Amino acid sequence: MIWKCNFRSLSYVCVWIYISSTAKYHTMEERSNLMNMIKLSIKVLIQSALSLGRTLDSDFPPLQQFFVVMEHCLKHGLKAKKSFIGQNKSFFGPLELVEKLCPEASDLATSVRNLPELKTPVGRGRAWLYLAVMQKKLADYLKVLLDHKHLLSEFYESDALMMEEEGAVMVGLLVGLNVIDANLCLKGEDLDSQVAVIDFSLYLKDTQSSDNGKEDGGITAVLDQKHYVEELNRHLSCTVGDLQTKIESLEKTNSKLQEELTAATDRIRALQDEQQELRQQNEQIRERSEKHVEVTKEDTKVELETYKQTRQGLDEMYSDAWKQLKEEKRIRMELEKELELQIGMKTEMEIAMKLLEKDTHEKQDTLVALRQQLEEVKAINLQMFNKSQNTETTLQQKKEAISSFEGKTNQIMSSIKQMEDRLQHAEKAKRDAEEKSVKLKRELGSRIETLKQQLSQLDNKCSTLEKELKSEKEQRQTLQQELHQEKDTTTLLKTELQQVEGLKKELRKLQEEKQQLEKTCEEQEQALQEMGLHLSQSKLKMEDIKEVNKALKGHTWLKDDEATHCKQCEKEFSISRRKHHCRNCGHIFCNTCSSNELALPSYPKPVRVCDTCHTLLLQRCSSNSS
């Protein structure tokens, strides 16, 4: 039983090997037959075109047979695409790849798709072949496909004609069709329903005619090769002219870029000079501010000493409170006017700060514009290097092609075997050219890396300059804030001096009134008892006025920007925890720490007060009432 099973498995293996070998042999025969047919069809087409004057119509039989043979070659080894209807084989699928790989073929593909008469992919593929022959670019398009065989593997089997060496040979034979001029009309023809059958009667001739026509065939072959070489030379001359124009344009763009780089360096130097000038100005402003601060400190010390001396005399004045109440009301009105003036000064300072912010924003916009210009210079440099790479590689390839074609013109009369040897030499030359192109790419890559490093250094310099500008702006802002604070202190000191002078005048007036009152005291002993009650009430009011004066002189009204935390609970302010001023001490608290309200002498209605001021004021009221 075991021996029978082994024998069966061996028989299956042998059958499978035999089937695979026969299939390979069958595909090899198909490829060789198709290659012979394409050679014959191209040869017959060129000979007949030369005899008729090279202008062909769609009704010309050799041209029709050429398209049929070409269709069979493109269909060989196609993979079947499964659908709901069944298996579908179409050679238009690989031809659509040419549009992606070669942008020149986009017009051809769009014109094929826009034809309303074509409804099947087979008809579209035939129309594509017609238009490619009319453009004399069929060999170029198929060469692009053969260079990307990894994409063709999706459509063809591994042993197909387009995947093997026969495809390259076929492309080389198709180059000879550039001698022919074809004028094909696609509107009237039904390309979808045509039957692709090869007519062998065109290629079968009598033996006598073949013997007599050998000489004629040789002459026509020589003429065909001559015309082919002439067209190649014409194409090469056109490409050389295009390359020269491109090189001239590249040289002009390089000169422009160099000029732009010099302009950019000049701008950077000018910015550096401006930075040095700004630093010198900042140092001068600092020195002036320090001197001014020292002078103001000395003045404040002298004013404090004088204020202490006057304070002692004021304590004696408070005994006579009749007239002082009226004068305190006047002082209160003057203080309110001064507060209004201070508010006006604040608004002016805020406007000045906004103008400074606008200046800083404009400078930042200029820096952003400089960055954009640097990025544009980078992009232009990269484009120029890519274009130079492409031009150098194409020039080398064209030079090698010219040398190879000159060798071919001298050896036209040699046999077909010598032509095959030259093809092998040409392939070796291509490999050498590819190696040279790789070396050139490496050299250009090293140059690009050096340029990138230079650009990165420029970016670093710009970033350092921006940081220095920011630091100088911050220092300038701090100096301006200090100057504003010093101005505020000077204004407060001036107001206090004015108050002291007013108090001195009041002292003189009160001394004169004392002398008059001493004379009238003897006559008004009965009035003193009634005045005692009025004096007690006036004392209470004067204590309230003292507290108001202390609050105005000792306590400062903090700005919203100066406080970020509550003074009592030290919690950070936010959208939910808002800021509130205490009307007694002027500090900023949160809602929970300043929820109390009391009636102050400077405000007619009860006002918000912090917890500490609330307790102190309540204690004073209780002590006064007792």
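This is a predicted model: local features need pLDDT of at least 70, side-chain atom pairs count only at pLDDT 80 or more; totals for chains, interfaces and linings use all residues.
Modeller: Let's start with contact, which means heavy atoms within 4.5 Å of each other. Residues are numbered from 1 along each chain as its sequence is written, and side-chain values use heavy atoms, with hydrogens and water left out.

Biologist: Which residues touch the most other members of the largest nonpolar core?

Modeller: A nonpolar core is a set of buried Ala, Val, Leu, Ile, Met, Phe, Trp, Tyr and Cys residues joined through side-chain atoms within 4.5 Å. Buried is under 20% relative accessible area, exposed over 50%, and partly exposed in between (1.4 Å probe, protein chains only). Here the largest core has 61 residues, and Phe66, Trp128, Leu142, Met170 and Leu174 touch the most other members. Two or more residues come from each of helix H1 (2–52), H2, H3, H4, H5, H6 and helix H8 (165–174). Helices (H or I, at least four residues) and strands (E, at least two) are DSSP runs, numbered from the N terminus. A second, separate core of 15 residues includes Phe589, Cys593, Cys610 and Leu617.

Biologist: How many residues of H5 are buried?

Modeller: The number is 11 of 15, so H5 is largely enclosed by the rest of the structure. Arg126, Trp128 and Tyr130 are among those buried residues. The cover over them includes helix H2 (61–75), helix H3 (92–101), helix H4 (106–113), H6 and strand E4 (181–182).

Biologist: What span does H5 reach from its first C-alpha to its last?

Modeller: To judge a helix, compare it with its expected span, 1.5 Å times one less than its number of residues. H5 reaches 21 Å, close to the 21 Å expected. After H5 comes Lys136, whose phi is positive, near 60°.

Biologist: How many aromatic pairs does the structure hold?

Modeller: A pair of aromatic rings is described by the distance of the centres and the angle of the planes. Rings of Phe, Tyr and Trp (its six-membered ring) pair if their centres lie within 6.5 Å; planes under 30 degrees apart are stacked, over 60 edge-to-face, and the rest tilted. This structure holds 3 such pairs. Trp128 and Tyr141 have ring centres 5.8 Å apart and planes at 45°, so this pair is tilted. The pair links distant parts of the chain, with Trp128 in helix H5 (residues 121–135) and Tyr141 in helix H6 (residues 138–147), 13 residues apart. Trp128 is buried at 2%, and Tyr141 is buried at 2%. Elsewhere, ring pairs join Phe66, Phe67 and Tyr130 into a cluster.

Biologist: With which residue does Arg126 form a salt bridge?

Modeller: For a salt bridge, look for a side-chain nitrogen of Lys or Arg within 4 Å of a carboxyl oxygen of Asp or Glu. The count comes to 8. Arg126 pairs with Glu71, the closest N and O atoms being 3.0 Å apart. This bridge links distant parts of the chain, helix H5 and helix H2, 55 residues apart. Arg126 is buried at 7% relative accessibility, and Glu71 is buried at 3%. Glu99 and Arg113 form another bridge, at 2.8 Å between the closest N and O atoms. Glu99 lies in helix H3 and Arg113 in helix H4, so this pair ties together parts 14 residues apart in sequence. Both ends are partly exposed, Glu99 at 25% and Arg113 at 41%. There is also a network of salt bridges linking Arg31, Glu164 and Glu166.

Biologist: Where do Glu468 and Arg279 lie?

Modeller: These side chains meet in a salt bridge, 3.0 Å from N to O. Glu468 is in helix H12 (residues 416–521) and Arg279 in helix H10, 189 residues apart. Asn282 also lies in helix H10 (residues 214–317). Asn282 is buried at 5% and, beyond its neighbours within four places in sequence, contacts Glu472, Arg476 and Leu479.

Biologist: How many disulfides are there?

Modeller: A disulfide is a covalent bond between the sulfur atoms of two cysteines. The cut-off is a pair of cysteine sulfur atoms within 2.5 Å, and the count comes to 0. For Cys593, the nearest cysteine sulfur, that of Cys590, is 3.5 Å away. Cys593 is buried at 7%. For Cys613, the nearest is that of Cys610, 3.3 Å away.
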